[in-house]
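I opened a two-chain file today and kept notes on what I looked up.

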Amino acid sequence: MKYRSMDMLAVIALTCIAITLACTVPANDVAVRILTLPLVFFLPGYALSALLFSGQTQDIVERVAFSLGSSLILVILSGLVLNLTSDGLSAGSWIALPGMITLVVSVAVLLRRQGQNAANPQWVGSRYSFPTGQGLLLALAALILGGALALSISGAGQQPYPGFTQLWMLPASGVHAKDSVQLGVKNMEKTAMDYRLVVNMGGKVIKQWSSLDLRVGENWQTTLAVPAVGQNSPVLVEALLYRPNTPTTPYRHVELWLAT
Amino acid sequence: MTTDMESMDNRNLAGATATGWAAWHSAPVQEAVAPPAATATATPARAQTWGWFPALSVISTLGVLLVALAYEGGRLSALQWPVPLFWCGLLLLFVPVALRLFSTKPTRQERIALLIVVTINFYLTKYLQYPLYFTFYDEFLHVRSAQDIATSHHLFQPNPLLPISAFYPGLEIVTNAVSNLTGLSIFVAGTLVIGMATLLLVLSLYLLYERLSGSTRLAGLATLLYIANPGFVFFDTMFAYESLALPLAIFVVFVIVRRGSLPARQQAALTLLIWAGLAAVVVTHHLTSFALLAFLCLWSIVSLLLWKMTRARQGQKQPLLAGPREAALVTCVLTILWLIYTNWQAFAYLAPNLASTMNQVTQILAHKAPPRQLFHSNTASAGTSLWERIAAYTSAICILLGLPFGLFAILRRYRANAFALTAGCVTLIYPVTLLLHLTQSGAELANRTEEFLFVALAFVLAAGAVQVLQTSGAGRRLALVAAVVVMIYFGQMVLGSGQPWSLLPGPYMVGADARSIEPEGIGAAEWASAYLGPGHIVASDRNNTLLMATFGEQMAETAGSANVPVSWVLLSPQFGSGVRAILRQDDIQYVVVDLRLSTALPAIGTYFNSANLQPATTPINRAALTKFDGVQDVSRIFDSGDIIIYNVESIARQPAGPPPTRHARPARPKKLSQPVAWVRQFYLWDILPQ
């Protein structure tokens, strides 16, 4: 009797573990949190198909298909239900609903199996194990797939694209909105860069940074106070970024109309 | 062993014919699935069970490695070898496994394992192309919906890229669940969801075919033929709603068939699962639910006709067994209810395309318009090569020639099986879809129907193939059938792979969807999200619209969401009253200009995402793109060389009189930069706002 319900006891245990992990492990600890995946893809459907096929035998392929299919269906319908709650589709609600469904259905299966004389799950046993030679071949296949994955991920990460530099200018926020601007430079070139930044207002230079030395990926930004804007018309503030090898040709150029 | 398996297949096929109605309710699968009898030594028995599966797995994964190498060649701009290597990889991935599945020797276990390996490997070939983030056009549309749910925690948020996507949120719900529970980014969570859905599709298809035919060989072949359809590798592996809805629909159809073999008291419980599955399909994808409804209706009609004919022939009362009728009714009710709930948006979305197809067909029939030239590219890119055209034509011809054999096999062996007859009827649509390729809109429609059509087509063709193989002269016929299936596969892959430039990743191209997604565009969009804050109305070209709406979290204007099409804002040679009027009418706050648009024609034919635009014939004038410079009240706030962002909020608000009140406010920047962090961010939750 107990052996016959080992699968459901395992489902309950895995569900409890998944719920515990989801509640206690921080969201950025992906390596551990990934163990909660069966709660979406497998456990609810397994419990449900065990209930639906109570007293019937199912082969492993059909059981897997039912577990996966039913789980996806349950999660989609759960999402529609969660949308009606105030918390909506949040981490907490996703832990609660599929977890509770799985546990309740699992207990129902256990109760239903009491007194029944059903067969053991067909897939329990050594039928699906591999002889050593075949196991090694499968390990080799996994190794090749791992190699292909590593090649593609590293290749895409290092794909040669032209480098670029971002220059931006926005009105400052808060009480200084009218008399200051925010400026930023980000170096996304292939090498470290030494820039010169010039800010003009009404045709006159109001500020100059003769050497902005930025490493690859480095972001520089500042808030610059500008002279008071006149009463009649908006004033143009202009920022020009130069590279050392072309000191007279602007490399990047932004401009901002400051309202009166 | 061989003889046993062969005779088992024959017996099952004969059984399916002989028992008529009972055949599809209690197909003799148990006999077919029975493992070989246990032998004295465990190891040889286990080795026989798995057969060639481990060795073929190695060969098939070598195919994946070749494809990965081809992708790497594309990234490094190698000219000669990547494309041949890509096709060699795809052949190595599929052909050895296919040849094994033709044989009568593999056990059921080996067949299923081989199909799973091929499925995983095909899925990886799509994933490895762009393994850092979603890059395909359709994927961006759904990423936006997934992001909206992640930030708002609620469904049905307005999606500027594809408004209807928000009302069919099944895929995004599952992705949200995975993302919330595991902490994975939407990209990885979505990749996992689609991977699982693909696995469900293949398992459900195999089980469905096996239960219908009672033959593991036929089921394996049919599933393999389905995998050979162009949509399987190139479309249904995308992060898009059909990629989840179709597997769910096939699963539901399998459950309907499976229900027939259960005792009456258990049928009711399974009926609840069927209804829940139908609801999940209906809320996941409109087109799939319509196709499922049509199939279930046809299946119900055929069932009823067959039942009446059987009753009339036997002259006695034959009980009408549980079939697809109530499922068809429930699908119909749920579909209508969801259409009402979503304000019939699916019709508004699909109707223009259908109307356009009908119009074009009418024009061609009336000789008022020439038919579309097949394999002709009206874009700047190179067209399809001769060998690719030959492969595609050969594939279609092989299917057309194979259909009569399949239909004959259906009539001979499965004439009492309502599902098989329905599948036979559905395959008659295939020649029509080929004709639809002669129209511009119809070609899109035909491409979209192939994933559905191949469910029936694969079964019918496999039935024909098995029928041919079971007659005399098996050796030569086996070679012939294998050659035909490989040609079908190769031609369909060529058809599905699209334009040659889209086959491999590579350097930036103008208006080339995935090939136009690169770090500078992403960087500009991320800057917009970090410094402008989300939710501003932005106008741009097709690709930057996608980036601004997803990475940038902006309300990027599209043809569907704008009051007036925004393309003229960028195309107009001058910043005149026309441009000002569009900016005002659409309340546009920022214009994102990509100067690279002036360097080449768009590879896909158009710079913008409006269906009504004619293909571009000349590159956009650079002066038209830079016309915003120096215009009073238009601030050039961002410059990364190729991409410029202009603040046009003052112009959009001019008629109202008062000065703009919603100026951009700098927000706290996100920390992005180092290459490792750049890669890492796509895999972790921290790409999304918490």
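The entries below go from ground rules to domains, interface and salt bridges.

**Ground rules.** I am working with a predicted model, in which local features need pLDDT of at least 70, side-chain atom pairs count only at pLDDT 80 or more, and totals for chains, interfaces and linings use all residues. Residues are numbered from 1 along each chain as its sequence is written, chains are lettered from A and ligands numbered from 1 in the order in which they are written, and side-chain values use heavy atoms, leaving out hydrogens and water.

**Domains.** For chain A I found domain 1 (6-157) and domain 2 (164-258); such bounds come from an automatic or database domain assignment. Their C-alpha centres are 54 Å apart.

**Interface.** I looked up the contact (heavy atoms within 4.5 Å) and noted 112 residues from chain B and 91 residues from chain A. The two chains bury about 8700 Å² between them, 70% of it on carbon and sulfur atoms; this is accessible area (1.4 Å probe) lost on being put together, summed over both parts.

I then listed 25 residue pairs in polar contact across the interface, both residues at pLDDT 80 or more. A polar contact is a pair of N or O atoms within 3.5 Å; within protein, one must be able to donate a hydrogen and the other to accept it, and residues adjacent in sequence count only if both atoms are side-chain atoms. On the side of chain B that touches chain A, helix α5 (residues 53-75) of chain B gives the most, with 13 residues. Helices (H or I, at least four residues) and strands (E, at least two) are DSSP runs, numbered from the N terminus.

**Salt bridges.** The rule is a side-chain nitrogen of Lys or Arg within 4 Å of a carboxyl oxygen of Asp or Glu. I found three across the interface of chain B and chain A, among them A:Glu62 with B:Arg211 (3.9 Å, N to O).
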